Amino acid sequence: MYKILKNTMLAVALVCISASAFAQDENSGVVRRRSADRNAPKQQDGTVVTERMQSFFSEDNSSISDADRQWMRVIYRSIDLDKDKNAPLYFPEEPVDGQENLFRIIMRLLAQGTVPSYEYLDGREIFTDKYRIKTRDVLDRFYIPYTEAKGSTEKNPKFTIDENDIPTNEVLSYYIVERWEFDTRSNRLRPVVEAICPVLHRTGDFGGDALKYPMFWVKFSDLRPYLAAQTIFVDDDNNLPTCTYDDFFTLSMYDGDIYKTRNLKNKSMVQLYPDPDNLKKAQDSIQNRLDTFEKKLWVPTREEVIAAREAREALAAGKSDSTAIESAIEKTSPTRATARSTKRSTKRSDAPKAKKPKVSKPKSTSSSSNAVRSVRRRK
């Protein structure tokens with residue numbers, strides 16, 4: 001009896017030991033996961049960017065492969081912050097209720113060594129380690145005061161910049177690089193922002209017009225995890241922040257002028273078209289080709305061909321009736337033409353059918369009777 005009790009107690013002890021060891025393994029796993037989250041970069045505003053967020057917003061995840069990319073064009077735009085549509089990138093000038101403008105976010109990330117910056121080359125944007133510039137050189141070049149932050153090392157320098165020393169009021173425009181890619185998987189043409197460059201507008205000691213100083217390039221894929229965490233409002237009628245900086249660029253909510261396209265001569269639009277009128281026509285032509293690129297991929301219907309021919313004939317005849325021309329142009333839209341034909345067919349089907357009047361037929365006589373014989377009988 002004593003041996004049986006001893007064996008039972010020993011078995012219970014072994015079960016308890018194994019259960020505690022299993023619990024310790026689970027707890028140790030939880031601790032390791034927490035330590036991994038603890039090592040994730042944490043910003044001053046409390047934003048934590050994990051490896052999963054970085055991989056989600058990485059360039060490899062957002063772009064398509066070369067096998068599916070059949071057409072691409074690189075566009076350089078200048079975003080003027082004086083335009084009302086681009087105002088969300090400038091305001092607020094000072095941090096208000098945890099909201100910061102775009103330039104403050106970029107400078108804070110550079111000072112903490114979170115994102116790299118690349119040298120601004122006139123028309124040759126190369127985002128490799130060879131052209132990567134140091135944050136200290138950027139701050140010294142543009143006379144931005146700074147102090148070395150706690151934990152700064154020679155290999156991983158970190159800086160502290162006072163909020164009043166950040167030249168937010170001088171960054172009045174941005175340069176961006178767009179890639180317009182046609183994806184054969186979805187048969188869509190979409191713009192992808194590749195890089196952003198803040199531009200300083202500074203006047204000289206003797207006044208005059210402000211000169212533009214492009215500062216550096218920052219890859220948009222490196223900024224996306226942090227821009228997605230900053231909400232903004234883009235409408236004066238609705239002060240509720242309904243989107244983020246990432247949405248602002250991804251959905252092309254900005255208004256930018258084309259100042260260059262990638263070409264063999266590596267010339268800007270001003271160099272190619274010195275005349276202002278020709279420059280404006282060239283910019284509009286490029287934008288129009290980008291907007292109508294998808295429409296040229298499909299064969300027009302018979303109704304669209306007829307409507308386009310009528311519109312050309314109306315323009316050639318020089319008719320002053322703009323309503324007729326606009327109605328002919330509207331017919332070229334497949335959706336409107338389909339909706340119009342559907343509406344017409346619905347009206348026709350819904351219209352009550354007119355009843356045909358019944359025609360009374362004369363009563364037939366015998367098979368041998370006819371009109372001639374009946375007349376003769378009446379006589």
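Biologist: What share of the contacts in the protein with a separation of 6 or more comes from residues 24 or more positions apart?

Modeller: The share is 61%. Keep in mind that this is a predicted model. The protein holds 13 helices and 12 strands.

Biologist: How much of the chain is buried, and what does the surface consist of?

Modeller: Of the 379 residues, 31% count as buried. The accessible surface comes to about 26,200 Å², and carbon and sulfur atoms account for 52% of that area.

Biologist: How should I read a nonpolar core, and which residues have the most contacts inside the largest one?

Modeller: The general idea first: in soluble globular proteins, nonpolar side chains tend to be buried together. Here the largest nonpolar core has 41 residues, and Met 107, Phe 216 and Phe 249 have the most contacts inside it. Two or more residues each come from helix H4 (102-111), helix H5 (135-141), strand E6 (171-183), strand E7, helix H6 (220-227) and helix H7 (245-250). Helix H4 gives the most to this core, 8 residues.

Biologist: What does Phe 216 touch, leaving aside residues up to four places away in sequence?

Modeller: The contacts of Phe 216 include Ile 106, Met 107 and Leu 110. Also among them are Tyr 118, Val 138, Ile 196 and Cys 197.

Biologist: Cys 197 is on the contact list of Phe 216. How many disulfides does a search of the whole structure find?

Modeller: A disulfide is a covalent bond between the sulfur atoms of two cysteines. The search of this structure finds 0. As for accessibility, Cys 197 counts as buried because its relative accessibility is 0%, and Cys 243 is buried too, with a relative accessible area of 8%.

Biologist: How do I read an aromatic pair, and how many are there?

Modeller: A pair of aromatic rings is described by the distance of the centres and the angle of the planes. The count here is 13 aromatic pairs. One of them joins Phe 182 and Phe 293, with 5.8 Å centre to centre and 65° between the planes, an edge-to-face arrangement. Phe 182 belongs to strand E6, while Phe 293 sits in the loop between helix H9 (276-291) and helix H10 (302-317), so the pair ties together parts 111 residues apart in sequence.

Biologist: Are Phe 182 and Phe 293 buried or exposed?

Modeller: Phe 182 is buried, at 9% relative accessibility. Phe 293 has 18%; the cut-off for buried is under 20%, so Phe 293 counts as buried. Separately, Tyr 76, Tyr 120, Tyr 175, Trp 217 and Tyr 259 form one aromatic cluster.

Biologist: Tyr 76 is in that cluster. Where is Thr 261, and what does Thr 261 touch?

Modeller: Thr 261 is in strand E12 (residues 256-261). Setting aside residues up to four places away in sequence, Thr 261 touches Arg 73, Val 74, Ile 75, Tyr 76, Lys 267 and Ile 286. Thr 261 counts as buried because its relative accessible area is 6%.

Biologist: Last, a strand pair. How do strands E7 and E8 run, and how many bridges join them?

Modeller: Strand E7 (residues 188-204) and strand E8 (residues 207-214) run antiparallel, with 5 bridges between them. A hairpin of 2 residues connects E7 to E8. Gly 204 stands opposite Gly 207 in E8.

Key:
Residues are numbered from 1 along each chain as its sequence is written. This is a predicted model: local features need pLDDT of at least 70, side-chain atom pairs count only at pLDDT 80 or more; totals for chains, interfaces and linings use all residues. Side-chain values use heavy atoms; hydrogens and water are left out. A disulfide is a pair of cysteine sulfur atoms within 2.5 Å. Buried means under 20% relative accessible area, exposed over 50%, partly exposed in between (1.4 Å probe, protein chains only). Helices (H or I, at least four residues) and strands (E, at least two) are DSSP runs, numbered from the N terminus. Contact means heavy atoms within 4.5 Å. Two strands pair if DSSP finds at least two bridges between them. A nonpolar core is a set of buried Ala, Val, Leu, Ile, Met, Phe, Trp, Tyr and Cys residues joined through side-chain atoms within 4.5 Å. Accessible areas come from the Shrake-Rupley method with a 1.4 Å probe; for residues, only the protein chains shown count as cover. Rings of Phe, Tyr and Trp (its six-membered ring) pair if their centres lie within 6.5 Å; planes under 30 degrees apart count as stacked, over 60 as edge-to-face and the rest as tilted.
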